[in-house]
Amino acid sequence: MAFARVITDRATFANMVDVFVLPGHRGQGFSKLLMESVLAHPDLQGLRRFTLATGDAHGLYAQFGFTPPSRPATLMERYCPDVYQRCQ
């Protein structure tokens, strides 16, 4: 019904990716339950930074303490929207 993957060093950093709720199960609270479960996981306690990227769920993540980056000028990315094309 719902899925999330967290990439972490289990010491200082975690990045949540691939968050998904199947269409037929959306609007039933599964995203909140998923977030509660992820954030309660023992391996994800005491981290300095926990990041994620979202295009449309800012309100959901704000309920769990996520905010825009405090220092956005320090962030960079290499984005390749079509992984089957060569990124320069």
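**Note on the predicted model: core, strand pairing and aromatic cluster**

1. The model is predicted, with local features needing pLDDT of at least 70 and side-chain atom pairs counting only at pLDDT 80 or more, while totals for chains, interfaces and linings use all residues. Residues are numbered from 1 along each chain as its sequence is written, and side-chain values use heavy atoms, leaving out hydrogens and water.

2. The protein has two helices and three strands, in the pattern β-β-α-β-α along the sequence. Helices (H or I, at least four residues) and strands (E, at least two) are DSSP runs numbered from the N terminus. The C-alpha trace spans about 40 × 35 × 20 Å along its principal axes.

3. β2 and strand β3 (residues 49–52) pair in the parallel sense over four bridges; pairing requires that DSSP finds at least two bridges between the strands. The chain crosses from β2 through α1 to β3, and this β-α-β crossover is right-handed (clockwise from the first strand over the helix to the second, with the strands pointing away from the viewer). Phe13 stands opposite Arg49 in β3.

4. The largest nonpolar core has 12 residues, among them Ala14, Met16, Leu34, Val38, Phe50, Tyr61 and Phe66. Such a core is a set of buried Ala, Val, Leu, Ile, Met, Phe, Trp, Tyr and Cys residues joined through side-chain atoms within 4.5 Å. β2 (13–21), α1 (30–40) and α2 (58–62) each supply at least two of its residues, and α1 gives the most, with three.

5. Apart from neighbours within four places in sequence, Phe50 is in contact (heavy atoms within 4.5 Å) with Val6, Ala14, Met16, Val38, Leu39, Leu44 and Phe66.

6. The structure holds two aromatic pairs. Rings of Phe, Tyr and Trp (its six-membered ring) pair if their centres lie within 6.5 Å; planes under 30 degrees apart count as stacked, over 60 as edge-to-face and the rest as tilted. The ring centres of Phe50 and Phe66 are 5.6 Å apart and the planes are at 85°, so this pair is edge-to-face. Phe50 lies in strand β3 and Phe66 in the segment after α2, so the pair ties together parts 16 residues apart in sequence. Tyr61 and Phe66 also form an edge-to-face pair, with 6.2 Å centre to centre and 75° between the planes.

7. Ring pairs link Phe50, Tyr61 and Phe66 into a cluster. Tyr61 counts as buried at 7% relative accessibility, and Phe66 counts as buried at 16%.

Key:
Buried means under 20% relative accessible area, exposed over 50%, partly exposed in between (1.4 Å probe, protein chains only).
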